[in-house]
Amino acid sequence: MADKNGKHGNASSILPDRATRGIGLEELVHVFWVSGMSCDGCSIAFAGASNPSMEQLQWGTVPGVPKMVLHHPMFSEDAGDAFIEPYRQAAAGTLGAPYIVVLEGSVPDDESFPTADGFFSSMGAGGFGPTPGGDQPNRVTEWLYRLAPGAIASMAIGTCATWGGIPAAAGNITGSMSLMDYLGKDYRSTAGVPVINVPGCAPVGDNFSETVITLLLWLRGVGYPPVFDELGRPAWMFDQTVHRHCPKAGYYEEGVFAEEPGDNQCLVEIGCWGPVVQCNIVERGAQNHMGGCMAAGGACIGCTMPGFPDKYAPFYKAPPGSAISGGISKVYGGAIRRLRRMSMKTGNREPMWDNADEIPSPWAAAKGPRTNTDKFAAYFYKKLQYNGSTHHGNRYKKQPLPKSRDILTQKGVDHSQSVDVLREKVRSREEI
Ligand code: SF4
Ligand code: SF4
């Protein structure tokens, strides 16, 4: 997590030195996508990634990045045995090429009971040997412990895979857990990398695709080691709270809060946990740099965090701490906001309008002469603003009004028939 100055305090790169890896990532890398207790939302998120896109990775068009051969339950053209065959090869160590394992969805506790008792999650059938035998479904849990040790990296995409997520919530009967919980704290890939976690429900697709290329560039020896935090998250994506970059943060600071969903203001009083949640969706956008929770009017429910969902429930109820910070913000923010409106009002006038004491705008909302209060406040504000400097406002007072100002009136053009059709539609800054 970055400190108040944005410095990475405990972010760490525990990755081994490049020279020790020797994994031969020249041409291509296979990616074996495994779906556990999942809704497939992470697949959709990855399909929507744009920088880089899934297609760019598969076509190998990102300079320096090996081509990605994606084996995916939804996106692969192959089905049945033809689809499963490369998984078998990888599990048997006969693939002959480097590969990454990606888990979407959480890991059920299937390994804790006999195969004959069934499973919560499976992929393919017929065992894990070189040739399929029978039609008994293959548990996802077994794929994972067979594939992960031989992978150059094991990545968890989405909050279910990174921290257990919704399938691991209180009351679940599946014993669901994260990939990190399942593989254990001693797990390292063949390149020496622990499980990499890209959380979110669903995650930002670009967060995942960017992590993939950053990792691959480093593994190929043409990029710097990525910096991960203490939970294996890409630190440059998850080191800030969502609140710090939220488009509504200015409302929070001025103490203006939404009362119901759809209101434009800060959403903390209707359940936003943004001030304590590490997420970059407001900077990155949900898809193609567009959207994202607050940009779309949604309060943060902490979906990227290991405590999600239980520690953020009930959703859409104001977090207890917000009463203190929000209350303080209302008091000092209310005062600050009023002072800012006065400055904004002054800045919304040409100096010439002050000299003429009139605004020549036909727009209905444009206010005419300034009030004495405006002038009084502006006087003291300018005193401070220009302290030790040239007071351009005073200089401008000596500026003569242009002679051709209001030329149509001077030329006798008759405006009496013009109609102000927008009068009812125009709102003043104060009304907005
Ligand atoms: S909407 Fe949430 S994240 Fe945005 S400013 Fe308000 S509390 Fe912070
Ligand atoms: S802002 Fe909150 S709810 Fe939205 S993606 Fe980020 S962590 Fe999840």
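**The helix crossing and its surroundings**

Mentor: Helix H11 (residues 322-347) and helix H13 (residues 372-385) have axes that come within 10 Å and cross at roughly 95°. That makes H11 roughly perpendicular to H13, a label for angles of 65 to 115 degrees, where under 35 would be roughly parallel, over 145 roughly antiparallel and the rest oblique. The axes themselves are lines fitted to C-alpha atoms, for helices over the stretch in contact, with angles from 0 to 180 degrees between N-to-C directions.

Before we go further, a word on conventions: this is a predicted model, in which local features need pLDDT of at least 70 and side-chain atom pairs pLDDT 80 or more, while totals for chains, interfaces and linings use all residues. Residues are numbered from 1 along each chain as its sequence is written, chains are lettered from A, and ligands are numbered from 1 in the order in which they are written. Helices (H or I, at least four residues) and strands (E, at least two) are DSSP runs numbered from the N terminus.

Back to the crossing. On the H11 side, Met342, Ser343, Lys345 and Thr346 meet Asp374, Ala377, Ala378 and Tyr381 of H13; contact here puts two C-beta atoms, placed from the backbone, within 7 Å. Sorted by class, four of these residues are nonpolar, two polar and two charged. In that scheme Ala, Val, Leu, Ile, Met, Phe, Trp, Tyr, Cys and Pro are nonpolar, Asp, Glu, Lys and Arg are charged, and the others, Gly among them, are polar.

Now follow the chain back from H11 into the loop that joins helix H10 (281-284) to H11, where you will find Gly285. Leaving aside neighbours within four places in sequence, Gly285 is in contact with Met290, Gly291 and Gly292. Its C-alpha atom is also separated by 9.0 Å from that of Asp206, 79 residues apart along the chain.

Asn288 sits in the H10-H11 loop and has a phi near 55°, positive in a residue other than glycine. His289, in the loop between H10 and H11, has a positive phi near 65°. Asn288 is partly exposed, with 13 other C-beta atoms within 10 Å, and the count for His289, also partly exposed, is 13. Further along, the bond from Phe308 to Pro309 is cis, with omega near 0°, and Pro309 lies in the H10-H11 loop. Another cis peptide bond joins Ala313 and Pro314, with omega about -5°; Pro314 is found in the loop between H10 and H11.

The ligands come next. Ligand 2 is surrounded by residues including Cys279, Ile281, Cys293, Cys300 and Cys303, where a residue belongs to the surroundings if its C-beta atom, placed from the backbone, lies within 6 Å. The shell of ligand 2 holds eight nonpolar, three polar and no charged residues. Around ligand 1 there are 14 residues, of which His243, Cys246, Cys266, Cys272 and Gly274 come nearest; its shell has eleven nonpolar, two polar and one charged.

For contrast, turn to the sheet: five strands, open, in the order E2-E1-E3-E6-E7 with parallel pairing. Pairing requires at least two DSSP bridges between two strands. Strands E2 (67-71) and E7 (196-198) form the edges, each pairing on one side only. E1 is largely enclosed by the rest of the structure, because seven of its eight residues are buried. It is joined to E2 by five bridges, with His30 opposite Val69, and to E3 by six, with Val34 opposite Leu103. Across E1 (28-35), E2 and E3 lies helix H3 (residues 80-92), running at about 105° to E1.

Stepping back, the protein chain has 15 helices and seven strands, and 35% of its 432 residues count as buried.

Notes: A residue is buried if 20 or more other C-beta atoms lie within 10 Å of its own, exposed if 12 or fewer, and partly exposed in between; C-beta atoms are placed from the backbone.
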